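Hi,

Here is the structure I promised to pass along. Have a look at it first, and then read on for what turned up when I went through it.

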Amino acid sequence: MSVETVLPTTLPTLDKLGVSLQPDLDVHKVAEEWFRAFSQHVSSNNIDGVLDLFVQDGWWRDHLALTWEFRTFHGVPKIKKFLHDRLADSKPAAFKLGNVVLEQEYADLAWIQGLFDFETGVGVANGVFRLIPQPDGIWKAHHVYTNLDGLKDFPEKTGPKRNHLPNHGKWKNERAQEREFADADPDVLVVGGGQSGLDVAARLKHLNVPTLVVEKQNRIGDQWRLRYEALCLHDPVWYDHLPYFPFPASWPVYTPAQKLADWLEFYAEAMELNVWTSSTVVHADQHDDKTWTVTVERADGTERKLHVKHVVLALGLGGGTPKYPNIPGQDEFQGQVLHSIYHKSAKDHLGKKVVVVGASTSAHDICGDYHEHGVDVTMVQREPTFVMSTRLGMPRIVGRLYWEGLQPVEIADRLNASMPTDVVKLIWQRITDEIIEEDKELLDGLRKVGFKLYKGKDDTGFIYLAMTRGGGYYLDVGVSKLIVDGKIKLKNDSQIERFTKTGLKFDDGSELDADVVLWATGFDSPVSTIAKLCGEKIASQILPIWNVNQEGELQSAWRWLGVPNLWFMMGNLAWCRYHSRHLALQIKAQLEGQYGTRYTE
């Protein structure tokens, strides 16, 4: 992508715009007039007409609909080039305006938000626009979002497209045959049966793409079931639904990991996903025609070579590879050293002295569990942590879109994705300040005991940390108070120098005795895991997967990974739900010869 002038990002506050909202504002009339002109100009390829509907520092974000990529264009010159290069070939048409509202979350920030649907040459698409007032009374677009939602010739097999035929006595055998791929190999092989693998498999199934999920664990859900017993989701239930199959209305707001594990297993069965458990991908070899031969070892030790067209790696953050700090002297240490992914329960270490290295979510959960079981535990904090109470913070962060009685999750997902990252960061900064004020008593208590706090990257709180690091935060459900009260000890005045026979020595000469040192230090790069599966040559071509690029888009999760017909599916439950559709549509479009050219200019 070419390097161009970067415009400053600011919120279009009413003061900055030099305007105020008029009491006689007809929101629907403004939106309808703007949208009528927008749809006419876009459909007729009148680029200058389209640009006249935007403010000069406006934005256009596109997820696959017009670019077959995830792109964000800032400023009229970049939007103009994008439209010049892509608009005519994309053939957008059949525009239809949906729900329109005036949004004013802050007294100084207001825009008219509209949802819309449209079509491209091959796709069914939708979008969002947000308009801001100008001093002359005209409302113009601050940002527009366009999103590929389906393929016109290949709709999902849901609703009226579902199977209408009765099945008397044949279903069980037919499912067994389908699951085993007894008669033909799948088109797509998904490595990993966590939520990311299951979500994309469900999307592909509904697009009539034969798909096999290979999971090394004995049961679907073991990625959650076999983690530490105290693990519980810190995201609320309304944010975490799986595709096609929401949680029941009685589901708790915060889901215990064991409960989620059982739900994933049930989901795979109910959605009739083809899953081989206790099975391992030995190797995946790509041929000159970009197809793959994947060798799978089954539970009974037999091997099956599958010839597939696409491989999806659903391996989790870091490919499931734990990150271990390089601390000398471990061979001298007489106690136990383990990573949090191998930790099961505090009951395993009753009567021991435990040191947990790390100060993000897993570290807090595990320390809280140790305290609950009467284990002497010390948290070693190596860098500042963003701490937010779940009770006060979550309603502010996700509650405007995902909460009881609000819009369907599909609409919430579209709205959540519609705002450019650099713009929403400025809103996150405001929300973060509000949460910090509400959490003042808790945070002051942490500061008094020396716990190191910060406001997240660019002062944006936890979501941007999740996008860029996948960690560095704790959403408090009670453990912070245990630290404040001294029930969980804290060590953060010096970095670890080395292991000793009896524990850890720090740079300032202090020492900490331990029977167990537990690394709660996150995950490493997935490249090593990819190399084991696909070889060093393929791994060397992989683009960076997580973190955001210059446009604010995640780097290569859910789309082009650097190797044809190889994909990486990952994320929390909400991101997997939304972007699994994007990944599945790209695969389906390629299989059916409808995939366009990726726009990378």
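**What I found**

Let me start with aspartate 85, which is partly exposed, with a relative accessible area of 26%. Keep in mind throughout that this is a predicted model. The side chain of aspartate 85 meets that of lysine 81 in a salt bridge, at 3.0 Å from N to O. Both sit in helix α4 (residues 76-90), and because they are 4 residues apart there, about one helical turn separates them. Lysine 81 is partly exposed too, with a relative accessible area of 35%.

How many salt bridges does a search of the whole structure find? It comes to 38.

Are the two partners buried or exposed? Both glutamate 553 and arginine 61 are buried.

Another pair is arginine 219 and glutamate 265, whose closest N and O atoms are 2.8 Å apart. Arginine 219 lies in the loop between β8 (211-214) and α7 (222-225) and glutamate 265 in helix α8 (residues 257-270), so here the parts tied together are 46 residues apart in sequence. Arginine 219 counts as partly exposed at 36% relative accessibility, and glutamate 265 counts as partly exposed at 27%. The pair also belongs to a network: Arg219, Asp222, Arg225, Asp262 and Glu265 are joined by salt bridges that share partners.

On the surface, Asp24, Asp26, Glu32 and Glu33 gather in a patch of negative charge. Aspartate 24 is in the loop between α1 (14-17) and α2 (27-43), and at 65% relative accessibility it counts as exposed, because the cut-off is over 50%.

As for α2 itself, the helix has 17 residues and reaches 24 Å from its first C-alpha to its last, close to the 24 Å expected at 1.5 Å a residue. Its buried residues are Val27, Val30, Ala31, Trp34, Phe35, Ala37, Phe38, Ser39 and Val42. Just after α2 comes asparagine 45, with a positive phi of about 60°.

**Helix α6**

Helix α6 (residues 195-206) has 12 residues, which should span 16 Å at 1.5 Å a residue; its end C-alpha atoms are 17 Å apart, and that agrees. How many of the residues of α6 are buried? The count is 11 of the 12, so the helix is largely enclosed by the rest of the structure. Among them are Leu198, Val200, Leu204 and also charged side chains such as Asp199 and Arg203. After α6 you will find asparagine 208, whose phi is positive, near 65°.

Leucine 64 is not a glycine, yet it has a positive phi of about 75°. It lies in the loop between β1 and β2 (70-74) and, at 0% relative accessibility, counts as buried.

Tyrosine 244 is another residue other than glycine with a positive phi, near 70°. You will find tyrosine 244 in the loop between α7 and α8, where at 29% relative accessibility it counts as partly exposed.

**Some contacts across the sequence**

Glutamate 229 is also in the loop between α7 and α8, and it is partly exposed, with a relative accessible area of 39%.

Finally, valine 355 lies in strand β15 (residues 353-357) and is buried, with a relative accessible area of 1%. Valine 355 and valine 377 are 22 residues apart in sequence, and their C-alpha atoms are 5.8 Å apart in space.

Cheers

Conventions
Residues are numbered from 1 along each chain as its sequence is written. This is a predicted model: local features need pLDDT of at least 70, side-chain atom pairs count only at pLDDT 80 or more; totals for chains, interfaces and linings use all residues. Side-chain values use heavy atoms; hydrogens and water are left out. Patches are made of residues with over 30% relative accessible area and no salt bridge: like charges are joined within 9 Å, nonpolar side chains (Val, Leu, Ile, Met, Phe, Trp, Tyr) within 5 Å. Accessible areas come from the Shrake-Rupley method with a 1.4 Å probe; for residues, only the protein chains shown count as cover. A salt bridge is a side-chain nitrogen of Lys or Arg within 4 Å of a carboxyl oxygen of Asp or Glu. The place of a charge is taken as NZ of Lys, CZ of Arg, CG of Asp or CD of Glu. Helices (H or I, at least four residues) and strands (E, at least two) are DSSP runs, numbered from the N terminus. Buried means under 20% relative accessible area, exposed over 50%, partly exposed in between (1.4 Å probe, protein chains only). The expected span of a helix is 1.5 Å times one less than its number of residues.
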